[in-house]
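Trainee: Can we go through this one together? I'd like to start with the backbone and then look at packing.

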Amino acid sequence: MNYLQFILTSLVFPFCVYSQLSLSLPSGFKSETVLENINAATTLTIAPDGRVFIAEQTGAVLVVMDGRKLPEPAIDLLDRLDTWWERGLIGMTLHPDFPQSPFVYLVYVAKAPFTHHVVSRFTVVGNHFDPTSELILLEGDDQSTLGGHVPAGHQGGPICFGADGMIYVGLGEQTAGEPSQKLDTLQGKILRIAPDGSIPEDNPFYKQTTGKYRSIYATGIRNPFGLTTNPKSGRLYETDVGSSAFEEINEIVSGGNYGWPRVEGMAKDDETKAKFIDPIFAYPPTTGRSICGAMFYPEDGNFPDPWQGKLFFVDWASHWIKALDVNSPDQLIPFAEGLQSPVGVATAPDGSVYVLNRNTRWRDGKVFAENAGSLIRIQYVGNEVSEPAALDFSPSQTLAETGLFKNLKSLIPADGFHEYKVNAPVWRPGINVRNWIRIPDGETLEPHDTEMWSFPKGAEIIQHFDTTKGQRHETHVYRCNEDGSFQAAAYRWTDEVKADLIADNEVVSLPGSSDIQCYSPAPQPHLSLEKSIVGFTLQLNSRQLNHNDQLDQWKQLGWLPVSYQFNGANLAALGDTDALLVHRVRTYLDTNCASCHRPGGASRGLFDARFNTPLAKQNLVNGPLMAGDLGIPNARVVAPGSPEQSILLNRMKRHDAFRMPPVAVNDVASPAIPMIEAWILDLGKGSVRLIRDAIDESANNLPVYKIETPSATYYLEKSGAGLSSLVDRDGNDWLGFHPEPGSGAGGEYRGFPNAVHQQAGNYFHAKNQATDLSKTTVLREDPDHVTIMADSGNGKWACRYDFTTTHCTFTMTRMPDGWKYWALYEGIPGGDYNDDDWWMTSSIQQKQTLTQNHEGDIPAPEWIAFGDTDIPRALFLYHHENDEHPDRFYQMHKKMTVFGFGRKGINKFLDNVPQSISIGLAESDDHEVVSKIIQSISLQSQ
């Protein structure tokens with residue numbers, strides 16, 4: 001199956017993500033919320049007597065009986081768990097003969113003696129799991145040895161019994177990729193063990209491996225979230241979370257290799273097909289972005305056709321449940337929409353379906369929300385009162401029947417419509433677009449400077465597409481619902497006067513252009529314009545609509561308040577060469593990418609493509625990756641000066657499933673590619689430059705290494721091995737090293753890091769009258785990275801300086817036994833001391849003046865920032881290794897600031913290596929911006 005054929009078979013339901021104000025189900029079904037305030041929900045299992053057991057990532061198993069939660073959990077394993085990111089209690093199943101065999105099987109990530117997976121059995125006594133009954137069946141690998149850019153991610157954890165009576169467990173590859181293909185680790189595998197923990201000798205790799213690795217049953221798995229057995233056929237199925245191209249449903253067979261990280265989704269050539277097993281079904285990010293729990297609905301259940309015997313599965317990111325016939329896996333059957341980030345689904349003995357909503361992301365310490373989850377019960381009630389059926393929307397069958405046009409041949413819309421234009425149209429190859437809008441009498445629009453405008457009920461919009469060769473293609477019509485969402489339908493022209501409803505999603509060739517294929521959307525009852533990805537796409541915001549005198553005309557029509565004035569920046573058309581390059585790039589990203597790449601959008605990535613988000617807050621330049629690096633070393637979202645390492649550009653250039661946007665089904669190259677490549681190269685003009693033989697004039701002409709970066713220039717004193725100056729782009733020195741007596745404590749300012757003081761020598765601060773000599777050596781000199789090592793004169797201490805485009809990192813790498821050290825910043829925010837200069841930390845968001853001291857440990861992530869009230873930037877210091885040591889700040893004689901990680905009074909507390917402290921400048925004094933920079937540095941260092 002080629003890529004286009006795959007797209008055609010997978011687009012049974014709309015290619016758009018839309019907001020639901022309530023859960024939507026097919027006719028005849030209703031739902032109820034059984035339980036709320038579930039903390040970090042991961043999975044559920046249901047006993048034959050109807051009790052629902054719910055696993056919380058933080059270790060508790062909740063029990064729901066007769067529709068209410070019991071006061072005590074069945075068990076709480078918190079004290080033994082690592083619950084960071086995706087680790088914790090992640091898998092659970094009951095023995096198939098429960099309660100005759102009164103056992104429950106759990107999968108969790110233990111923190112001792114090292115972080116590793118555990119598969120364990122407990123005896124169920126009443127409503128509790130007897131903690132003394134634990135039988136550990138299998139223990140996984142030390143995760144610290146396996147790599148991964150976010151090692152605590154991709155933990156997997158589903159567990160189920162197979163038709164053969166054996167236990168099957170899925171483990172993720174902790175974002176490392178390669179472990180999935182190796183037989184010397186359990187990561188990225190499906191495992192098979194006996195209920196007593198022994199390993200069956202008929203396992204496929206039993207003779208090739210030893211010990212616990214004999215449990216490996218299948219390889220090439222990325223991040224399994226669902227594992228279930230078809231009760232009729234006995235076949236085993238797994239749902240595998242994709243990277244950025246496809247979510248997979250795999251039939252698991254003995255010895256099967258499912259391709260990760262070599263392939264994602266369907267294999268594209270015979271050679272790949274020969275090596276790996278294709279999923280039975282896979283869908284792209286525009287259909288869903290994070291497949292999770294799965295189960296087979298019983299063939300004798302009380303749900304009617306087409307649900308009986310089907311595989312139900314949930315998508316955490318797209319908030320839906322769909323079903324699939326595994327014997328004819330060529331289409332998805334929509335079941336429920338508007339859920340709250342579901343992770344699990346299970347059938348109760350009475351035939352109802354329970355859905356477990358997590359309603360938050362992984363436990364990252366930032367966006368994660370405590371107690372956000374819920375348990376939903378869905379019942380079939382037939383002709384009784386049921387949920388609103390979102391899928392029952394029935395638009396007109398032809399465009400003429402809508403009454404929106406007076407004359408179809410001349411394309412003259414009905415009375416009240418006014419044509420409008422936008423500043424920067426979405427790029428659609430081979431297509432020209434016209435737009436009309438009509439507002440009901442007496443109603444007005446609600447404009448918003450940054451977000452999508454609000455529309456009154458009954459507002460109508462027409463979007464018409466002709467080919468660039470003058471042939472009619474499609475017309476899309478929109479009508480606003482009372483809740484602000486839109487009904488939408490698409491009509492394809494069959495001749496000059498007739499256009500028929502597109503009843504289902506299709507990919508068709510553009511008329512007269514067989515090499516260009518377009519996606520045609522099915523009718524939508526509750527479309528969110530803000531989150532629509534493709535097909536139905538309207539961008540009705542001020543930066544688009546403030547075109548010439550258009551808004552003034554709308555005021556005259558009474559559609560807008562007369563007082564409204566847009567004071568922001570208009571978007572720039574792609575060909576507007578009078579606009580700044582960065583303005584055109586950010587416009588293109590806003591119009592073509594922001595529907596996915598935004599907080600709460602379809603993408604799992606971290607960058608925000610919206611134009612109104614400041615560039616410094618977009619996680620775009622040097623932005624970390626969450627959805628794969630295409631195998632490119634040191635890749636970033638945008639790597640300044642390096643198009644080949646910029647994933648944004650590389651994915652725009654692709655012609656396969658990794659192409660961005662992923663809905664592209666043609667080989668037409670985006671006209672923005674040269675523009676974005678030029679911008680990336682332009683960013684690189686300010687890369688890292690090392691001048692080996694320089695002097696620091698402000699420090700009595702000390703011999704230094706001078707390192708120039710886009711954000712700052714660093715002066716590293718050669719013999720003292722400390723920073724003597726850190727100069728911003730405006731020439732302000734934020735360190736202010738001065739060697740003359742009387743300029744600071746002990747006679748001089750001493751820069752950064754002043755780490756070793758009066759113990760086994762005085763090392764790693766710019767040379768003054770008390771500094772011992774060090775030896776410095778340049779180890780690396782690349783366009784984006786310079787590394788300099790320093791060894792103390794007595795050979796007992798060593799450190800490393802890494803200079804990048806955004807910061808410098810000092811790492812203590814060697815120390816003598818029995819000694820301790822600190823890392824000090826002694827400098828002047830902005831270059832001149834003032835009492836109203838400020839500091840803030842990771843936990844203290846309000847700026848504190850320099851007259852206010854800080855005492856005590858800064859909580860994780862450990863960082864502090866300093867600033868000058870007259871300069872919109874900040875100097876930050878970030879300690880990579882969280883500890884509970886005190887961190888102290890005070891101002892000295894109203895001449896300079898003194899701050900130390902691991903300092904209380906004159907006592908030092910840092911007592912091991914390696915430890916790293918980063919210093920740099922942020923082009924903002926906003927706490928959120930500095931936090932994101934620290935997060936980016938943290939991800940880079942993992």
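**Backbone, rings and helices**

Trainee: Where is P99?

Mentor: P99 is in the loop between β7 (89–94) and β8 (103–110). Strands (E, at least two residues) and helices (H or I, at least four) are DSSP runs numbered from the N terminus. This is a predicted model, so local features need pLDDT of at least 70 and side-chain atom pairs pLDDT 80 or more, while totals for chains, interfaces and linings use all residues. Numbering starts from 1 along each chain as its sequence is written, and side-chain values use heavy atoms, without hydrogens and water.

Trainee: Is the peptide bond from F98 to P99 cis or trans?

Mentor: Cis, with omega near 5 degrees. The A112 to P113 bond is cis too, with omega near -5 degrees. P113 is in the loop between β8 and β9 (116–125).

Trainee: Why flag those?

Mentor: Most peptide bonds are trans, and most residues other than glycine have a negative phi.

Trainee: What is phi for A40?

Mentor: Near 55 degrees, a positive value in a residue other than glycine. A40 lies between β1 (29–38) and β2 (41–46), in the loop. Its relative accessible area is 0%, so A40 is buried. Buried means under 20% relative accessible area, exposed over 50%, and partly exposed in between (1.4 Å probe, protein chains only).

Trainee: And Q174, buried or exposed?

Mentor: Buried, at 0% relative accessibility. Q174 also has a positive phi, about 45 degrees, and is not a glycine. It sits in the loop between β12 (167–171) and β13 (189–193).

Trainee: Switching to rings. How many aromatic pairs are there?

Mentor: The count is 41. Rings of Phe, Tyr and Trp (its six-membered ring) pair if their centres lie within 6.5 Å; planes under 30 degrees apart are stacked, over 60 edge-to-face, the rest tilted. In one of these pairs, F312 and F335 have ring centres 5.2 Å apart and planes at 70 degrees, so they are edge-to-face.

Trainee: Where do F312 and F335 sit in the chain?

Mentor: F312 is in strand β20 (residues 311–315) and F335 in strand β22 (residues 333–337), 23 residues apart. F312 and F335 are buried.

Trainee: What about F455 and F486?

Mentor: Their centres are 5.7 Å apart and their planes at 75 degrees, so that pair is edge-to-face. F455 lies in the loop between β29 (431–438) and β30 (460–467), and F486 in strand β32 (residues 486–493), so the pair ties together parts 31 residues apart in sequence. F455 and F486 are buried.

Trainee: Now helices. At what angle do α6 and α8 cross?

Mentor: Roughly 130 degrees, for α6 (residues 581–592) and α8 (residues 673–683), with axes coming within 10 Å. Axes are lines fitted to C-alpha atoms, for helices over the stretch in contact; angles run from 0 to 180 degrees between N-to-C directions. The two helices are therefore oblique. Under 35 degrees counts as roughly parallel, over 145 as roughly antiparallel, 65 to 115 as roughly perpendicular, and the rest as oblique.

Trainee: Which residues meet there?

Mentor: L581, V582, R584, V585 and Y588 in α6 meet M675, I676, A678 and W679 in α8. Contact means heavy atoms within 4.5 Å.
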